[in-house]
Amino acid sequence: MVSVVWLIPALPLAGFAILLLAGPRLGEPRVGWLATAASAGSFLLTLITFGGLLGLDSAAEGGAGGRGGRWFISTLFEWMPIGGLEVDAALLVDPLSMTMALFVTGVGTLIHLYSVGYMAGDPKYSKFFLYLNLFLFSMLMLVLGENLVVTFLGWEGVGTCSYLLISFWHERPTAATAGKKAFVTNRIGDFGFMVATFLLWTTLGTVSYAGLATAAPTLATGTATAVSLLLLLAAAGKSAQLPLYVWLPDAMEGPTPVSAMVHAATMVTAGVYLLVRLNPVLTDTALLIIAIVGAATALFAALAAVAQHDIKKVLAYSTISQLGYMFLAIGSGAYVAAIFHVVTHAFFKGLLFLGSGSVIHGLGDEQDMRRMGGLRLAMPITAVTFIVGWLAIAGVPPLSGFWSKDEILLAAWEQPDIGPLLWIVGLVTALLTAYYMSRLTFLVFFGGQRWDDNVHPHESPATMTLPLVMLAGAAAIGGVVNLPLVGDWLVLEHFLEPVLAHPLHFTSGTGTKLILALVAIVMALGGIAVAVGAWLRSRIPTDRLEPALLENVFYVDSTISNFVSGPGTAAFEAAATVDRKVVDGAVDGVAKLVRQLGQAVRPLQSGYLRHYASGVAVGAIILVVWLALRGVS
């Protein structure tokens with residue numbers, strides 16, 4: 001049944017087309033239900049395709065790049081037959097694309113359902129679901145694309161939808177500015193993607209993933225490193241790594257379902273997917289840089305999350321930090337661990353964002369945690385499900401976050417030379433994660449009432465709480481996808497291995513693994529304990545726990561803004577002046593000179609035959625005299 005793969009992106013595209021043409025006439029809530037049905041149908045077709053993939057004969061089918069395994073290519077049509085460049089509009093069904101498509105459509109459907117209730121009453125209700133279906137189509141093209149060009153189509157599509165959804169409430173100046181900021185920042189990453197694609201094409205003659213996997217070993221080391229670093233630039237822009245992270249915190253200006261789907265569970269993991277997909281190209285030097293960038297981002301964002309007061313800003317910096325974990329895994333060669341964390345993160349971070357949206361909905365759009373407190377009684381379903389997400393991201397066993405984080409920390413530990421340093425950074429980040437998420441949970445759901453008397457918190461409708469319950473279940477047991485409980489063939493590690501050029505096999509003994517896991521558990525519990533003392537029992541002066549340096553995120557964003565609005569603007573204006581007066585002046589000067597020369601010789605073109613005959617005669621005389629003089633000499 002893998003041949004139905006084209007229907008997976010086709011359904012949300014059809015939903016987008018219907019809503020574009022008839023959305024306003026359908027009205028609320030039919031628009032929401034139609035968009036949700038399109039997403040749910042896409043999820044069902046993904047399950048069917050996944051089953052078909054498992055049914056392929058591994059021995060008969062060649063894996064991508066000839067490494068063995070199950071895969072299938074569905075060619076829709078010939079797209080770019082230009083000289084030696086032949087690009088098909090084709091979709092790739094293999095373990096990696098199916099893993100991504102399953103959680104994109106599954107979590108996406110729950111977020112669509114959640115949005116039916118969350119966006120109720122919004123005057124742009126139809127437009128919101130139109131954008132959401134378009135985003136889902138774009139994300140599916142990104143992960144199902146058989147080559148870099150199709151992936152780039154989806155890559156640009158999700159970027160466009162991100163801009164549209166961040167600035168959805170564009171009448172707010174902050175939302176409009178945030179949308180533009182995200183759009184501009186992501187263009188930097190897009191530059192890396194395009195140049196890497198051009199470089200791969202010129203050196204290997206293909207942009208197909210199967211072809212790239214086969215030809216990658218023939219790449220010169222310098223070229224492969226350059227391509228790898230360009231891919232890192234692309235991934236850093238989309239997945240909000242240092243220094244291109246600045247757009248993601250501001251992206252919280254969009255509706256909360258957007259934050260959950262686009263900026264937590266799916267689009268921001270596109271950079272991780274790209275690096276894992278092109279893992280045969282990555283060199284050791286590039287992997288080391290990727291690991292360092294990931295570790296630095298994870299720690300930096302975790303420190304920033306410690307001192308934020310906006311509930312969505314805490315989760316935004318948390319997302320950046322968790323994405324740093326994924327980059328650390330890739331840089332450590334643990335590609336399966338990176339995808340494993342992508343999956344578990346989609347569950348618990350989608351849950352946490354939707355839970356925060358339920359809180360905001362119940363408090364009349366309040367987002368400041370200092371004006372919450374004690375909501376576990378007024379919003380019991382939201383509270384219980386949120387607590388599951390909190391414990392999962394904190395790394396408390398046996399919830400899903402523990403298993404994926406533990407694999408990343410183990411992979412970091414096993415790296416030569418700087419492995420222990422990377423492990424320590426990851427461990428400190430885990431401690432901070434447990435602390436700031438506990439702080440958030442305690443401020444929102446525990447303690448006394450801190451909201452105004454005219455605010456009446458209430459539980460969200462069933463369309464919002466049902467997705468919370470389902471995501472809580474996935475966040476709790478999602479770790480089983482990489483545990484050999486059912487059979488090796490269903491374990492994520494073995495499922496993905498055929499797609500990887502150099503699968504990582506841990507070398508640490510059982511004793512070392514247990515010790516490292518216990519240390520991670522102790523750190524997680526330690527972070528929770530510190531938060532209990534600081535925010536529940538108030539034994540620690542809490543006003544000293546939120547230094548301005550952390551609250552203002554080390555002043556990085558403000559420094560960039562000041563530079564752009566000050567020296568940056570002056571530099572741009574100077575460049576514009578040079579372009580206008582020097583470059584344009586030189587061009588205009590050459591044009592003026594040519595025009596004057598033309599006017600000077602214009603009399604020679606009188607149109608009278610006698611003038612031309614005279615000119616020929618004079619020229620002949622001059623030629624004869626010149627030849628005579630040369631002959632004399």
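How are α4 and α11 oriented relative to each other? In this predicted model, where local features need pLDDT of at least 70 and side-chain atom pairs count only at pLDDT 80 or more, totals for chains, interfaces and linings use all residues. Residues are numbered from 1 along each chain as its sequence is written, and side-chain values use heavy atoms, with hydrogens and water left out.

Helix α4 spans residues 125-144 and helix α11 residues 270-277; helices here are DSSP runs of H or I, at least four residues long, numbered from the N terminus. Their axes lie 10 Å apart, at an angle of about 20°, with axes fitted to C-alpha atoms over the stretch in contact and angles running from 0 to 180 degrees between N-to-C directions. α4 and α11 are therefore roughly parallel to each other, a label for angles under 35 degrees. On the α4 side, M139, L142 and V143 make the contact, meeting A270, Y273 and R277 of α11; contact means heavy atoms within 4.5 Å.

Over in helix α21 (residues 510-536) sits G527. At 1% relative accessibility, G527 counts as buried, that is, under 20% relative accessible area with a 1.4 Å probe and protein chains only. Leaving aside residues up to four places away in sequence, G527 touches L431, A434 and Y435. The C-alpha atoms of G527 and V428 are 9.6 Å apart, although 99 residues separate the two along the chain.

As for confidence, the protein averages a pLDDT of 92, and 95% of the residues score at least 70; pLDDT is the predictor's confidence in each residue, from 0 to 100. Over residues 58-68, pLDDT stays under 50.

Methods. Helix = DSSP H or I, 4+ residues; strand = E, 2+ residues; numbered from the N terminus. Buried < 20%, exposed > 50% of the residue type's maximum accessible area, 1.4 Å probe, protein only. Parallel < 35°, antiparallel > 145°, perpendicular 65-115°, else oblique.
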